[in-house]
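Here is a short tour of one protein model. Keep the sequence and the 3D view side by side as you read.

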Amino acid sequence: MVTALMPYFFGTGSSTWSVWQFNITSTYVGLVPLAALPLAAAMWRRLPARFFVGLALVAGLVHYGALAAVAPAPVIAFGSNLRLMPVLVFALVTLGAFGVDAVARGESSYASQLVRLRAWFIALAGAGLIAVTLASGEPAALAVRPSLAAQYVAALAGLTAAAWLLRRWLVTGDARWGVALVAVQLATLAPLATYLPVRDARWLYPTPPAVAWLQAHVGSARVVIADQVGLLFGLRQAHGYDGLSPRRITEVAGPIGTGGALVAGFRQNTLALHGSEPLPAVSVLLAPTRALLGVRFIVLPPRAASAEPALRAVYDGADARIFEDPTALPRAFVVSRARCADDREALALLRARAIGADEVVLADCAAPAAGETNPIASRGVAPDSRSVVAPGPRSAVAPQVRMLIDEPARVVVAVSTATPAWLVLTDTWFPGWRARIDGRDVVVRRADHAFRAVALPPGPHEVEFTFTPRGLVSGAAVTLGALLIVGALLIARRRAAVVLAAVLMLAATSAEAALPAAPFSLSATPTTVDAGEPVAIDVTPRARAGGPWDVYIVWLFTERAAFLGPEGEWAPRPVPFRARLGGGESARGVWRRAGPPDDVTLALIAVRPGTDPLDRTEWMSRPALARVRVEAPPEARPARPWMTLAALLAAAVAATALVWGQDLFRPRPL
């Protein structure tokens, strides 16, 4: 919450000393609403004020983790509790506006409002000074620019001006002080104008020659290009933006994350993800399924060399170098064979490149579906797979596939095949997609884990895919629910409180985690050590049955995956802390040399022997956590700047005296 006073307290970008980005940590709304917050108590009897107080409390508790389980609940459905920050900010700034309105109306006791204003100012000034004092011992915090001391002085000045003007308005009742408050609010919002990063305009205007070349040659194929440049110019990308990538696509092409670890040659630490990371371009570039994703063109920096002999350079300019992958499949293609497989088996086959060029893996086909052109025939192809279309004599005539219409919600494909076959479209499968062959409805199968397929009879056909969002129904249900809540708030006040509490409790109880607790607990002792000292790691069973398990200890909040091995050293590749640990068994080890200085969170992952602990589809339980604070050795710790802190304390005392002021006689209205 210190960012409500100093928005850049944790820094930004690469200079941040927080594990979260600025958009998540900052709750800054300017200093006038913050200073006026307690004055909203004068409007407590009004329902809107109580509503926004409740909204701020609930959003704050969810945002900061106390009620994090509510975030993914039905109706709310936030992937991360950290996404509720805008709701918290909205509630705070509204309450601040209520406080200013209470001053303007003069609806409350002048003396009681002065007490609230003074006490709140002292609390804010003191809390900010304590935060700066505590952070002054952190080496990373000392590197923040502007310095924490400068940020505190600026915040204290703005807060003092806001509180002084509010006090004068309370005392005199002169609305002209409100005009000065507007100026203070605009001045204290100015620091936010420096946050938004700016991209190099040369990437955008005019159109770079490399992008122009792609626009002329790419057709319906996909490209790998830095960031989201392709989206800006209408090029299809396989990688995504923020947390909007469909789950099954990320399982086929992932992992999600920034991609920095992969570029450096390390594994991406999927445990450190909090749900809003993108599917990066480097993941798609390195994915064993890249050809299936239809990535035909790869854009690299100028003079870059290809690490794959199969790639051939097709553009070499001053702005970029473009390579073509001749093995990339088109977005729409025909295969003559298919097999059924569950998700786990399908992913294993795809990642192992065990699917032939004339074959597709279908999901959810344990029984024939209504409208299926070719019935499912039981034919053993693999231990857990079945042939869907029996292999027959292949036609000498190659299938013909041509896209006629390619729109986000409608794709029309002209296709001709001499034998029964499957049309595969490597666009995302999602409920709501329908298909018609020559105007007749057919079943859309989920193919190759994440895409779409329909069964084709012999001959020429026109296949149309259309999308009708099912969210319309759920959206209407949410609207109805919101109306019911509003109606509940309009009935007797005591009933409204009970109804609202019941709704929140229902949401919380509906948000239980899908995975059970880990079969082992994890502890680290001591919990606070100096860098270089050993830390004992204990794995204790929670149940007597189950297993065997491969138990991994992973450093949680780091982009590069790191695994604590049985010898007490960290490794960049998966190394079990204990292999094949049975239910009821315990394990003990040691982290030989703790470091570097940081608040370290360790995660225990128990998976089936031989499986990848970073693959979340392999998880059978939630991770167990343990925390260790690693401090710098005494001789390496920075000395606290006591003279600077003393000066800040003196400034806070002077500001308090200015805000406290002398009670003036408030003239009674005539």
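Where is L84 found? L84 sits in the loop between α3 (47–63) and α4 (85–105). Keep in mind that this is a predicted model. L84 has a relative accessible area of 10%. That value is under 20%, so L84 counts as buried.

Now look back along the chain to Y64. L84 and Y64 are 20 residues apart along the chain. Their C-alpha atoms are separated by 9.2 Å.

## An open sheet of five strands

Next comes an open sheet of 5 strands. Its order is β2-β1-β3-β5-β4, and the pairing is mixed. Two strands stand at the edges: β2 (236–237) and β4 (312–316). Each has a single partner strand, so one side of each is left without a neighbour in the sheet.

Strands of a sheet pair through backbone hydrogen bonds, either parallel or antiparallel. Which way do β4 and β5 run? They run antiparallel, and 4 bridges join β4 to β5 (residues 321–324). Within this pairing, Y315 has I322 in β5 as its bridge partner.

## A nonpolar patch on the surface

L231, Y241 and L244 make a nonpolar surface patch of about 380 Å². Y241 belongs to the loop between β2 and α11 (247–253). Is Y241 buried or exposed? Y241 counts as exposed, because its relative accessibility is 52% and the cut-off is over 50%.

## A covered strand: β22

Turn to strand β22 (residues 549–555). How many of its residues are buried? The count is 7 of 7, so β22 is mostly covered. Both faces are covered. On one side are W549, V551, I553 and W555, and on the other D550, Y552 and V554.

β22 pairs with β25 (residues 578–581) through 2 bridges, and the two run antiparallel. Here W549 has L581 of β25 as its bridge partner. β22 also pairs with β27 (residues 598–607), again in the antiparallel sense, over 6 bridges. In that pairing, I553 stands opposite L604 of β27.

## Rings and charges

The aromatic pairs come to 13. One of them joins W570 and W591. What is the angle between their planes? It is 90°, and the pair is edge-to-face, with 5.6 Å from centre to centre. This pair links distant parts of the chain: W570 lies in β24 (residues 570–571) and W591 in β26 (residues 587–591), 21 residues apart. W570 is partly exposed, with a relative accessible area of 24%. W591 is buried, at 1% relative accessibility.

Elsewhere, ring pairs link F51, F52, F90 and F98 into a cluster. Charges also meet rings. The charged end of R452 sits over the ring of W433, 3.5 Å from its centre. R446 lies over the face of W429, 5.7 Å from the ring centre.

## Salt bridges

How many salt bridges does a search of the whole structure find? It finds 25. One of them pairs R344 with E618, at 2.5 Å from N to O. Again, distant parts of the chain are linked: R344 lies in helix α14 (residues 343–351), and E618 in the loop between β27 and β28 (624–631), 274 residues apart. R344 is partly exposed at 36% relative accessibility. E618 is buried at 12%.

E464 and R410 form another salt bridge, at 2.6 Å from N to O. E464 is in β18 (residues 459–467) and R410 in β12 (residues 410–417), so the pair ties together parts that are 54 residues apart in sequence. R410 is partly exposed, at 30% relative accessibility.

D441 and R434 also form a salt bridge, with their closest N and O atoms 3.1 Å apart. D441 is partly exposed at 42% relative accessibility. R434 is partly exposed at 37%. Finally, a network of salt bridges links R222, R236, R331, D406 and D427.

## Far in sequence

V153 has a relative accessible area of 43%, so V153 counts as partly exposed.

Definitions and conventions:
Residues numbered from 1 in each chain as written. Predicted model: local features only at pLDDT ≥ 70, side-chain atom pairs only at ≥ 80, totals over all residues. Heavy atoms only, no water. Pairing = 2+ DSSP bridges. Patch = residues over 30% accessible without salt bridge, like charges linked within 9 Å, V, L, I, M, F, W, Y side chains within 5 Å. Areas by Shrake-Rupley, 256 points an atom, 1.4 Å probe, with all protein chains shown as cover. Salt bridge = Lys/Arg side-chain N within 4 Å of Asp/Glu carboxyl O. Buried < 20%, exposed > 50% of the residue type's maximum accessible area, 1.4 Å probe, protein only. Phe/Tyr/Trp six-rings, centres within 6.5 Å; stacked < 30°, edge-to-face > 60°. Lys NZ or Arg CZ within 6 Å of the ring centre and 35° of its normal.
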